Amino acid sequence: MVFELFRRGDAAGLEAAEAKLIQMLADDRHSFDVATSALLTGADTSLVGPDLRETDARVNLAERELRQALVVHASVHGTSRVAAILVYMSVVKDVERIGDYAKNIFDVAAQGINLSDAEDRDVLIRYRDRISSMISEASSVFADDDRDGAADFIREADILLDEFDQHVSELVVTEREGKEAVPRALLYRYYKRIVAHLMNLLSAVVMPLDRLDYFDEERVRP
Amino acid sequence: MIVISLLYLFLVGVSSLEAGIKALGADFQTGLLERVDHPLAGLFAGILATVLVQSSSVSTSTIVGLVGAGTLTIDAAVPMIMGANIGTTVTSTVASLGHVRRGDEFRRAFAAATVHDIFNVIAVAIFLPIQLGTSFLSDTAEKLADALGASGIEGGKTDSPIKAFVKEPVSWTKDAFGSLTDSDEVLGSLLIVFGLVLIFSTLAFITKSMRLLIAERVERAMNSLISRSGGVPGLAMGLVMTIAVQSSSITTSILVPMVGSGVLTLRNAFPVTLGANLGTTITALLASLAVDLRAGLVVALTHSIFNLFGILTIYPVPAVRAIPVRLAERLAETASKNYLLVGAYVVGIFLVVPMIGLVLFG
């Protein structure tokens, strides 16, 4: 402990917070991939479950550690970094929630639902693949503080949100049985929430602090 | 380089203070001594002076300067040094008030701040009577000064290359002020003010500079503190950090929001606080390098020994160690339910009681 005062070494403060956030996103992507594999490709839930729980525990621990690190950073540096600290405090919640929605997707599979033979499987998997990529893209855009990348991401994500809403609306009025409509509606809902949280994360790149999670048309217009 | 220059200017300030007091003459020195002759007067003067300057480093350096000039005896200075220990805790106590809007957070933060006060009060309650009855602390300091090879010429001047290097600018300053006035009182006052300004400003800049320089390392050390129990490593961390930034208030002010937010427990923060208590004595030791009399070094060593023995008495045994922690928790619990008590505590302990004490015993 006292030797830390004499060591140069690993990044501290906000750099460490960012590194932890990026790792959380990597874990989120893993959770999302394994959860959707159980629902969409018939992966054995008894094998997927422990992996998912372990990853989720890691994400939750990382969230707590990141918050602790931010408190230490604020205590040492005072108010000079308050804006950045508040940003990380806000976005870490969005990142943690992505993992939670991955668990929700797994819970649907754990109920015995298997969409690997569904006629709309290709559509669901296409969305799955796109969202999985988007988690990694969001991670890179945030790490690079890429304003143009964030604006492009938010525009595409906004279109996806509308598509998910459209699918849910169709399922609300469908004549399909409940056990076919409800899992799909839930899945689109969870897809939507994951993409929305990624948008919230990247709003920190383009929006001022007081307007995190809100989107100014002017700032994301091409 | 900047910090070394500032340390040099700090020593020049202490030496100027010493020169100014000497220029004021024997009558002033006798008068000052009479006012703090009673040990409780000295204790309360130490508390009040430190509260006013918000830095035990400044007040203890000044005391060393006064002793070095022959104005204060060691016996008169020791209670003042102990008072400085108590007075310096006002900074973190006031810092904890920033959490007052959130009950649980304030309770934890206030406990983190007041555990420092309570430890110092207990240490004074134990060791002031011992010192007054046996001169144990100052005698131990004398022996240590001997062992360190300080040339203990009674009432004479010590020779050291550092002092020689520091005396030059003081001579120039004295000559410059001397050209403005024929009065020894005015000359002495100018040198004292100059010395105090230099002490105060250089310590402030040192603290600020070092804080920036080592902030990242402090942050890493604090992060590692969270995940482990404090103990002796925590104590060492508080010691090293405080020596580096030359301020125990900086160290304890970092701990207060960490404990307040709940990421660090009071029990883990406590040893860091104790380390800070000991680490801050380095400034008085540095100041003693710039004064004429060996007594300055003895007082500085007494400061260190007092804090060290306080730790050795209270910290090693878990049941004893828990006393200041539990008292701080109880005080904080009560204070969080009645904010008037908070104001009464801060104003009472750090202002009213010392002022009344000075009137009664001074």
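Let's start inside chain A, at A:His197, which sits in helix α6, residues 178-206 of that chain. Please keep in mind that what we are looking at is a predicted model. Is A:His197 buried or exposed? There are 24 other C-beta atoms within 10 Å of it, and a residue counts as buried at 20 or more, so A:His197 is buried.

Who are its partners? If we set aside the neighbours within four places in sequence, A:His197 is in contact with A:Asp94, A:Arg97 and A:Ile98. Here is another pair you can look for on the screen: A:His197 and A:Ile135. Along the sequence they are 62 residues apart, while their C-alpha atoms are 9.9 Å apart in space.

Now let's step back to chain A as a whole. It has seven helices and zero strands, so reading from the N terminus, you simply get α-α-α-α-α-α-α. The C-alpha trace of chain A spans about 65 × 45 × 20 Å along its principal axes. For its 222 residues, a compact globule would have a radius of gyration near 17 Å, and chain A has 19 Å, which agrees. Of those 222 residues, 41% are buried. And if you take the contacts in chain A with a separation of 6 or more, 79% are between residues 24 or more positions apart.

On to chain B. How many helices and strands are there in chain B? The count is 17 helices and zero strands. Its radius of gyration is 20 Å, close to the 21 Å that the globule rule gives for 362 residues, so chain B is as compact as a globular protein of that length. Its C-alpha trace spans about 60 × 45 × 40 Å along the principal axes. Buried residues make up 56% of chain B, and 83% of its contacts with a separation of 6 or more come from residues 24 or more positions apart.

Next, a pair of helices in chain B. Two packed helices are described by the angle between their axes and the distance between the axes. For α11 (residues 231-245) and α13 (residues 266-279) of chain B, the axes come within 6 Å and cross at roughly 40°. That makes α11(B) and α13(B) oblique to each other, and their crossing is right-handed. Among the residues that meet there are B:Leu235, B:Leu239 and B:Ile243 in α11(B), and B:Val272, B:Leu274 and B:Leu278 in α13(B). By class, this contact has eleven nonpolar, eight polar and no charged residues.

Finally, where do the chains touch? Chain B puts 25 residues into the contact and chain A puts in 15. On the side of chain B, the elements giving two or more residues are α10 (184-226), α11 and α12 (248-261). Which of the elements gives the most? That is α10(B), with 13 residues. The residues on this side of chain B divide into 16 nonpolar, four polar and five charged.

Key: Residues are numbered from 1 along each chain as its sequence is written. Chains are lettered from A and ligands numbered from 1 in the order in which they are written. This is a predicted model: local features need pLDDT of at least 70, side-chain atom pairs count only at pLDDT 80 or more; totals for chains, interfaces and linings use all residues. Axes are lines fitted to C-alpha atoms, for helices over the stretch in contact, and angles run from 0 to 180 degrees between N-to-C directions. Helices (H or I, at least four residues) and strands (E, at least two) are DSSP runs, numbered from the N terminus. Angles under 35 degrees count as roughly parallel, over 145 as roughly antiparallel, 65 to 115 as roughly perpendicular and the rest as oblique. A crossing is left-handed if the near helix is turned anticlockwise from the far one by less than a right angle, and right-handed if clockwise. Two residues are in contact if their C-beta atoms, placed from the backbone, lie within 7 Å. Ala, Val, Leu, Ile, Met, Phe, Trp, Tyr, Cys and Pro count as nonpolar, Asp, Glu, Lys and Arg as charged, and the others, Gly among them, as polar. The radius of gyration is taken over C-alpha atoms; the globule rule is 2.2 Å times the number of residues to the power 0.38. A residue is buried if 20 or more other C-beta atoms lie within 10 Å of its own, exposed if 12 or fewer, and partly exposed in between; C-beta atoms are placed from the backbone.
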